[in-house]
Every structure is written in structure tokens, then in C-alpha cells.
Amino acid sequence: MEIDSRARTFPTAAGIFFGLGLGGFFDGILLHQVLQWHQMVSSWYPLTSIENLKLNNFWDGIFHSSTYIFVLIGLFILWRHAHRRHLYWSNKLFVGTMLIGFGAFNVIEGLIDHHLLVVHRVNETVAQENRIYWDTGFLIWGAAMFVIGWMLWRSGKKDMFARQRIAA
């Protein structure tokens with residue numbers, strides 16, 4: 001009885017969803033709460049009143065809820081695949097796909113929220129003319145994570161195919 005090779009593959013989507021969620025948690029926890037550089041809609045509703053603070057906290061909660069859903073989706077996909085026999089596990093594939101997701105989060109969120117809609121800037125505690133540097137750095141950091149993740153993922157895929165050829 002031959003096992004379908006798709007049943008032995010690493011669940012790439014799981015790692016990407018974990019990365020998307022962890023990227024959102026990193027942004028929301030570190031930049032919103034710990035460093036307090038910005039909140040979700042703080043460019044539109046500056047933190048100059050209790051009402052604006054409440055509104056920003058609400059949208060931060062919506063944001064965190066969506067990133068939590070990404071992690072749950074990743075967990076569901078990983079759980080579903082883990083019940084298959086002969087699952088191929090790879091640290092390169094897992095870390096690579098998480099970096100792809102984390103980097104994709106930064107690039108997508110950075111382009112949409114920081115540049116297109118300008119709902120907030122990465123660091124609203126610096127002078128207005130310097131905020132673009134923080135926003136651009138956020139994009140570069142995200143793109144670098146994406147590229148490193150892609151390279152790890154490709155390397156892990158090559159390892160997986162080599163193992164499958166040896167096993168066959």
C-alpha cells in the first residue's frame with residue numbers, strides 16, 4: 001500500500017497563518033501597548049481625548065482578535081495534518097513559513113495602514129517628518145523576513161524531496 005505523497009508534506013499554510021498571527025501580536029503588543037508608539041486608528045483619531053482613546057482601544061481589540069484568528073487557523077491546519085501518518089516535519093519549513101507569514105503581515109499592514117490609508121504610523125512619538133523612515137524601515141524589515149523565510153522554505157522543500165527520493 002503506497003501512501004499519497006501529499007499526505008507526507010509539511011502544512012505550509014499552517015506556518016504562514018502562524019506567522020501572520022505572530023506578526024500581528026508583535027505589532028499590537030510591542031508597538032501598540034508596550035512602546036505606545038501608535039494605536040490602530042491613532043492617525044485618524046489622535047489620543048487627545050478619552051473618547052478617542054476608547055475608540056483606538058476598541059480597534060486595537062478588533063485587530064488583536066483578527067490576529068488571534070490567524071493563529072487558530074494555523075493551529076487547526078497543523079492539527080489536521082499532524083493526525084496523518086508519515087507527516088514530514090521540518091524546522092526549516094516551519095520557521096521559513098512563519099517568517100513568510102510574519103514578513104507578509106508587515107508588508108501588507110505597512111503598505112495599507114501606514115502608506116495607503118495612514119490610519120497610523122509606526123512611530124508617532126517622533127517628529128512628523130521622521131515618521132516615513134520608521135514606516136519604510138517596517139516595510140524593509142518585513143520584506144527581509146519574507147525573503148529569508150522564502151529561502152528557508154525552499155531549502156526545506158529540497159531536503160524533503162531528497163528524503164522522499166531516498167525513501168522510495
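Leucine 111 is partly exposed, with a relative accessible area of 45%; here buried means under 20% relative accessible area, exposed over 50%, and partly exposed in between, with a 1.4 Å probe and protein chains only. This residue is found in helix H3, where helices (H or I, at least four residues) and strands (E, at least two) are DSSP runs, numbered from the N terminus. The model is a predicted one, in which local features need pLDDT of at least 70 and side-chain atom pairs count only at pLDDT 80 or more, while totals for chains, interfaces and linings use all residues. Residues are numbered from 1 along each chain as its sequence is written, and side-chain values use heavy atoms, with hydrogens and water left out.

The secondary structure comes to 4 helices and 0 strands, and from the N terminus on the elements run α-α-α-α. Along its principal axes, the C-alpha trace spans about 70 × 30 × 25 Å. Of the 168 residues of the chain, 39% count as buried.

The packing of the helices comes next. Two packed helices are described by the angle between their axes and the distance between the axes. Axes are lines fitted to C-alpha atoms, for helices over the stretch in contact, and angles run from 0 to 180 degrees between N-to-C directions. Helix H1 (residues 12–34) packs against helix H2 (residues 50–82) at an angle of about 155°, the axes being 7 Å apart. H1 and H2 are therefore roughly antiparallel to each other; angles under 35 degrees count as roughly parallel, over 145 as roughly antiparallel, 65 to 115 as roughly perpendicular and the rest as oblique. The crossing of H1 and H2 is left-handed, a term used if the near helix is turned anticlockwise from the far one by less than a right angle, with right-handed used if clockwise.

For H1 and H3, the axes come within 6 Å and cross at roughly 50°. That makes H1 oblique to H3, and the crossing of H1 and H3 is right-handed. The axes of H3 and H4, in turn, come within 7 Å and cross at roughly 155°. H3 is thus roughly antiparallel to H4, with a left-handed crossing.

Charged side chains also join parts of the chain. Side chains of opposite charge can pair when their charged atoms come close. The structure holds 2 salt bridges, a salt bridge being a side-chain nitrogen of Lys or Arg within 4 Å of a carboxyl oxygen of Asp or Glu. In one of them, lysine 92 meets aspartate 159, at 3.1 Å from N to O. Because aspartate 159 lies in helix H4 (residues 131–167) and lysine 92 in helix H3, the pair ties together parts that are 67 residues apart in sequence. Aspartate 159 is partly exposed, with a relative accessible area of 32%, and lysine 92 is partly exposed as well, at 33%.

Arginine 121 forms a salt bridge with aspartate 135, and the closest N and O atoms are 2.3 Å apart. This pair links distant parts of the chain, with arginine 121 in the loop between H3 and H4 and aspartate 135 in helix H4, 14 residues apart. Both arginine 121 and aspartate 135 are buried. Aspartate 135 also leads back to leucine 111: their C-alpha atoms are separated by 8.8 Å, and the two residues are 24 residues apart along the chain.

Leucine 116 is placed in helix H3 (residues 91–116) and is exposed, with a relative accessible area of 65%.

Glutamine 36, in the loop between H1 and H2, has a positive phi of about 55° although it is not a glycine. Glutamine 36 is exposed, with a relative accessible area of 59%. Valine 118, found in the loop between H3 and H4, has a positive phi near 50° and is likewise a residue other than glycine. At 31% relative accessibility, valine 118 counts as partly exposed.
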